[in-house]
Amino acid sequence: MRRRKRRILIGVGVLVVLGVLCLLTPYTRRHYTCLRCRLNKTVETYWGIERVTETPNECSQWYLAAHPGHEHDWKKSSCTFEWRAFTRRWSCGSGHPVFHVIPEVQKMYLSTCTGEQVEAWFALLESKDRQDHQKAYDLAYEPYWRWSGGSKQRAAGGAGAPSGVAAGVEPVTDEFAAEMKDVPYEDEK
């Protein structure tokens, strides 16, 4: 009988220690995309162990078929999620300029380009100058606007736009961080 109580106490102790470790061990989730093929990658880290999930899309499938064996050039998304004990945190910023081009639009544009045009477009996205980024957006979205029957002015929120918000390209935003704690509101106490 005494051994059984000891085993139960040891089992409960192990569960308590594991529970505390789970609460104190940070969890992070980060998103990436390949600049060239737009394959999406999610990296989740828990207990220092990374779990990588790759999610294909229409653009990545097309690019991998057209350019087999290319080396992925991973670009970090603007947002990171962290969880530590009782605190959750989302950190977001502008991210890499490629995130402002929808993968389907990138596929549509790149499928009509020559090799030199493709490299020039990627160079515009890799530039430090925001005007170069805007040139890359304009180049990518121009065939889309023609195909969809829309206009650049309408997509940019100009005359004829349904609202003042841009329909095609999101503006680059400054970095911000939001933190939320698992503490009840004053009304809930």
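**Figure 1. Aspartate 132 and lysine 135 sit together in helix α5.** Both residues belong to helix α5 (residues 130–148), and they are three residues apart, about one turn of the helix. Helices here are DSSP runs of H or I with at least four residues, strands are runs of E with at least two, and both are numbered from the N terminus. The two side chains meet in a salt bridge, with an N to O distance of 3.7 Å; the term stands for a side-chain nitrogen of Lys or Arg within 4 Å of a carboxyl oxygen of Asp or Glu. Aspartate 132 counts as buried at 16% relative accessibility, whereas lysine 135 is partly exposed at 47%. For these labels, buried means under 20% relative accessible area, exposed over 50%, and partly exposed in between (1.4 Å probe, protein chains only). Please keep in mind that this is a predicted model: local features need pLDDT of at least 70 and side-chain atom pairs count only at pLDDT 80 or more, while totals for chains, interfaces and linings use all residues. Residues are numbered from 1 along each chain as its sequence is written, and side-chain values use heavy atoms, leaving out hydrogens and water.

**Figure 2. Glutamate 58 forms a salt bridge with lysine 107.** The closest N and O atoms of this pair are 3.1 Å apart. Because glutamate 58 lies in helix α2 (residues 58–66) and lysine 107 in helix α3 (residues 103–110), the pair ties together parts that are 49 residues apart in sequence. Glutamate 58 is partly exposed at 42% relative accessibility, and lysine 107 is also partly exposed, at 21%.

**Figure 3. Asp73, Lys75 and Glu126 are linked in a network of salt bridges.** Zoom in on glutamate 126 and lysine 75, whose side chains meet at 3.1 Å, N to O. This pair links distant parts of the chain, with glutamate 126 in helix α4 (residues 115–126) and lysine 75 in strand β4 (residues 74–84), 51 residues apart. Glutamate 126 is partly exposed at 36% relative accessibility, while lysine 75 is buried at 14%. Across the whole structure, the search finds six salt bridges.

**Figure 4. Val101 is one of the residues that touch the most other members of the largest nonpolar core.** Such a core is a set of buried Ala, Val, Leu, Ile, Met, Phe, Trp, Tyr and Cys residues joined through side-chain atoms within 4.5 Å. The elements giving two or more residues to the core are α3, α4 and α5. Neighbours within four places in sequence aside, valine 101 is in contact (heavy atoms within 4.5 Å) with Arg38, Gln106, Trp121, Tyr137, Ala140 and Tyr141.
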